[in-house]
Amino acid sequence: MAFSLLSSIPLALFTFMLIVGLSKAQQIGTATRHYKFHIRRANVTRLCHTKSIVTVNGQYPGPKIVAREGDRVIVEVFNHVKDNVTLHWHGVRQLRSGWADGPAYVTQCPIQTGRSYAYNFTIAGQRGTLWWHAHISWLRATLYGPIIILPKLGVPYPFAKPYKEVPMVFGEWWNADTEAVINQALNTGGGPNVSDAYTINGLPGPLYNCSSKDTFKLKVKPGKTYLLRIINAALNDELFFSIANHTLTTVDVDAVYVKPFDSDTILISPGQTTNVLLRTKPVGPSATYLMAARPYATGQGTFDNSTTAGLLEYQNDHNKSIKKLPLFKPTLPSINDTSFATKFTNKLRSLATEKFPANVPQSIDEHLYFTVGLGSNPCPKNQTCQGPNGTKFAASVNNVSFTMPTTALLQAHYFGQSNGVYRPDFPVNPLHYFNYTGTPPNNTLVGKGTKLMALRFNTSVELVMQDTSILGAESHPLHLHGYNFFVVGQGFGNYDPSKDQAHFNLVDPVERNTVGVPPGGWVAIRFRADNPGVWFMHCHLEVHTSWGLKMAWLVLDGELPNQKLPPPPADLPKC
Ligand code: C2O
C-alpha cells in the first residue's frame with residue numbers, strides 16, 4: 001500500500017507536468033499566429049480610375065494582423081507578381097530576429113517572383129497598434145495593413161475598456177502607377193507627381209470627384225467609448241485629423257501607452273500610429289459628423305493639398321434617413337501650422353508608472369549629431385534635369401546620401417563579407433560646420449556612400465537630428481528600425497548643447513519609433529543599443545528615402561549567448 005502510494009504520486013506529478021509542458025503557451029496566454037500573404041495583382045477603382053495594383057490576398061488595404069503581447073507571429077509571404085517584394089513589420093522590436101525585419105537590401109534580399117519567405121518573430125513588451133508595409137521602392141503605396149497588439153490575456157488597458165475597437169488607416173492614392181511615378185522622378189531628377197487623393201481605410205471620401213460611394217463610415221452608438229487605432233500609411237504627407245464636434249483622447253502612440261490627453265485634432269506622421277478614445281455623445285444627436293484628414297506640409301515642393309473625409313453616423317432608432325440630417329464639419333489647422341504641431345507633440349508623455357516605466361538612458365556613451373535634409377546631385381552630361389537649378393534632387397544624413405547595396409547588409413555582416421558592400425564609418429558629426437538653419441550655402445551637392453554607424457552591444461546613444469534649410473527647412477519624420485527611442489528634447493534653430501541639454505526631459509519623455517524633426521529645428525532622442533543586427537533609419541516621407549535620406553546602424557553582438565543574433569532562417573531569400 002505504502003509502496004503504491006509513493007510510486008503513484010510521482011507518476012501523477014509526471015503526467016501533470018507533461019500536460020503543463022505541452023500546453024505551456026496556452027497556460028501563460030501566448031500563442032502562435034499564422035498568416036499566409038499571397039502577393040498578387042488586383043484591379044481597384046477609385047476616383048473613376050481603374051488600375052491594377054499589387055495587393056496582399058487581393059485586399060486593399062491589406063489584411064490586419066492581430067496578436068497579443070508575447071505571441072509569436074509567422075507570416076508566410078508568397079510572391080506571385082513580377083516585382084521583387086519585401087514586407088516590414090513597422091515598429092515591431094524584432095529582438096534578436098533581425099532577419100524578419102524586412103527592408104530590402106538591409107536585412108534581406110527581396111522575395112523574387114515565384115518565391116516565398118516566412119517572417120517569424122515574437123511581439124515582446126509592446127501593446128497598441130503598429131502596421132506592416134512593403135519595404136522596397138514605392139510598393140508600400142498599396143501594400144500595407146494594421147498590426148493590432150492586444151495586452152496579455154487578463155491584463156486590462158490602463159484606461160476604461162472600449163466598447164469597440166476600429167482600425168483607421170490613412171493612405172495615399174495615385175491614379176497613375178506609383179512605380180512609374182517614382183522611376184520617372186528619379187530619372188528626371190525632379191519631384192514625383194503628387195497623389196490624387198488621401199484615403200481612410202482605402203476610401204477617399206465625398207470631397208473628391210467621383211468618390212462619394214467610396215466613403216469610410218463609422219457607425220456608432222451614443223454614450224460609448226470607441227478605441228480608434230489610427231495609422232498614417234501615406235507615402236509623403238504628415239496629416240492632421242479631426243472629427244467634427246468630438247474630442248479625441250490620445251492614449252497610446254507607436255504601441256507604447258502615453259499619459260492620456262484631449263485634443264480636437266491630432267497630428268500623425270507617416271510611420272506613426274496613434275490610439276485615441278472617442279467618447280460618443282450621451283444622447284444620439286440628430287446629426288452626422290464629418291471626420292477629415294489633410295496634410296501638415298512645411299517644405300517648398302508641391303504636395304497633394306486635398307482632404308480625405310469619412311462620416312461618423314449615430315445609430316438612432318428614430319433617425320432612419322441619415323441623408324436628411326445636418327452635417328457638421330471639423331476645422332483643421334492650416335497646412336503649415338508648425339505651432340500647432342509643436343504644441344501637440346509637446347503633450348506626448350510616457351505613462352512612466354511602475355507597471356509601464358520609462359527606462360530613459362541617464363548616462364550616455366555615444367553623443368551623435370546628424371543633419372537631415374535635402375540637397376542635390378549633379379545632372380549627368382547630355383541630360384537635362386528637372387531638380388533645383390537643373391540638378392537632380394537628393395537627400396542626405398550628415399551629407400551622406402545613402403547608396404543601396406545590391407546584396408543585403410545584414411548577410412554581408414553576418415558572414416563576414418562586408419568588403420565592398422558597406423563601410424562602418426558613418427560620420428558622428430557633420431563633416432563641415434555651417435549655419436544649418438540659416439541662409440543656405442551655395443553648394444548644395446551631397447556626398448554618397450553605403451556607410452553604417454557601428455555600435456558596441458548595449459551602448460547608450462543620444463542622437464540629435466538637425467534639420468537643414470539647404471533646399472528649404474522641412475519637417476522630416478525619422479524612423480528607426482529595431483528600436484523604440486525616447487524623445488528627450490526638441491527645438492528650433494541650430495541645436496546648442498550648452499543651452500538645450502539642460503531642458504531635456506529624462507523623466508517621462510514619449511517613447512516611439514518615428515519622430516518628426518521640426519522644420520528648421522532639431523530633435524534629441526535616446527536609446528540603448530541592446531538589439532544586435534543591422535537597423536535601417538530613414539525619413540518616412542518615401543520620396544526623401546528614395547533621394548537618399550537614410551542610413552543604417554550596425555549593432556554588434558554582446559558577450560552572452562542571448563545577446564547574439566541567431567543564424568538566418570533556411571528560406572532567407574538570395575539576391
Ligand atoms: Cu515603416 Cu523602414 O519603415
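In this predicted model, helix α4 (residues 338–346) has four named buried positions: Thr-338, Ala-341, Thr-342 and Phe-344. They sit on the same side of α4, because they cover an arc of only 165° around the axis.

**Helix α4**
- The partners of the buried α4 residues are the strands β14 (248–253), β15 (256–263), β16 (265–268), β18 (288–296) and β28 (485–492).

**Nonpolar cores**
- A total of 139 residues make up the largest nonpolar core. Within this core, the most contacts belong to Phe-37, Trp-89, Met-168, Leu-228, Phe-241, Phe-370 and Trp-553.
- Leaving aside residues up to four places away in sequence, Met-168 touches Ile-200, Asn-201, Phe-216, Leu-228, Arg-229, Ile-230, Ile-231, Phe-241 and Met-291.
- Another core, of eleven residues, lies apart from the largest one and includes Tyr-369, Phe-486, Phe-504 and Trp-522.

**Largest pocket**
- The largest pocket holds about 720 Å³ of space. It is lined by 34 residues, and the closest to its centre are Leu-186, Met-404, Thr-545, Ser-546 and Lys-550.
- At least two lining residues come from each of α3 (178–188), β22 (392–397), β23 (400–402) and α7 (542–547). Helix α3 gives the most, with five residues.
- By class, the pocket lining consists of 16 nonpolar, eleven polar and seven charged residues.

**Gln-386**
- The loop between β21 (366–377) and β22 contains Gln-386. The residue is exposed, because its relative accessible area of 55% is over the 50% cut-off.
- Gln-386 and Leu-186 are 200 residues apart along the chain, and their C-alpha atoms are separated by 9.9 Å.
- Not counting residues up to four places away in sequence, Gln-386 is in contact with Thr-188, Gly-189, Gly-190 and Thr-391.

**Cavities**
- There are two cavities of 30 Å³ or more in the structure, and the largest cavity has about 90 Å³ of space.
- The lining of the largest cavity is formed by Arg-41, Lys-51, Ser-52, Ile-53, Val-54, Asp-83, Trp-138, Leu-139, Thr-142, Asp-177, Thr-178 and Glu-179.
- Strand β2 (49–56) and helix α3 each contribute at least two residues to the largest cavity's lining, and β2 gives the most, with four.
- Four nonpolar, three polar and five charged residues make up the lining of the largest cavity.

Definitions and conventions:
Residues are numbered from 1 along each chain as its sequence is written. This is a predicted model: local features need pLDDT of at least 70, side-chain atom pairs count only at pLDDT 80 or more; totals for chains, interfaces and linings use all residues. Side-chain values use heavy atoms; hydrogens and water are left out. A nonpolar core is a set of buried Ala, Val, Leu, Ile, Met, Phe, Trp, Tyr and Cys residues joined through side-chain atoms within 4.5 Å. Buried means under 20% relative accessible area, exposed over 50%, partly exposed in between (1.4 Å probe, protein chains only). Contact means heavy atoms within 4.5 Å. On a 1 Å grid over the protein atoms alone, a cavity is a set of points where a 1.4 Å probe fits but cannot get out, and a pocket is an open set with protein on both sides within 12 Å along at least five of seven lines; lining residues have an atom within 4 Å of a point. Grid points are joined across faces, edges and corners, and a volume is the space filled by probe spheres set on the points. Ala, Val, Leu, Ile, Met, Phe, Trp, Tyr, Cys and Pro count as nonpolar, Asp, Glu, Lys and Arg as charged, and the others, Gly among them, as polar. The arc is that of the directions from the helix axis to the C-beta atoms.
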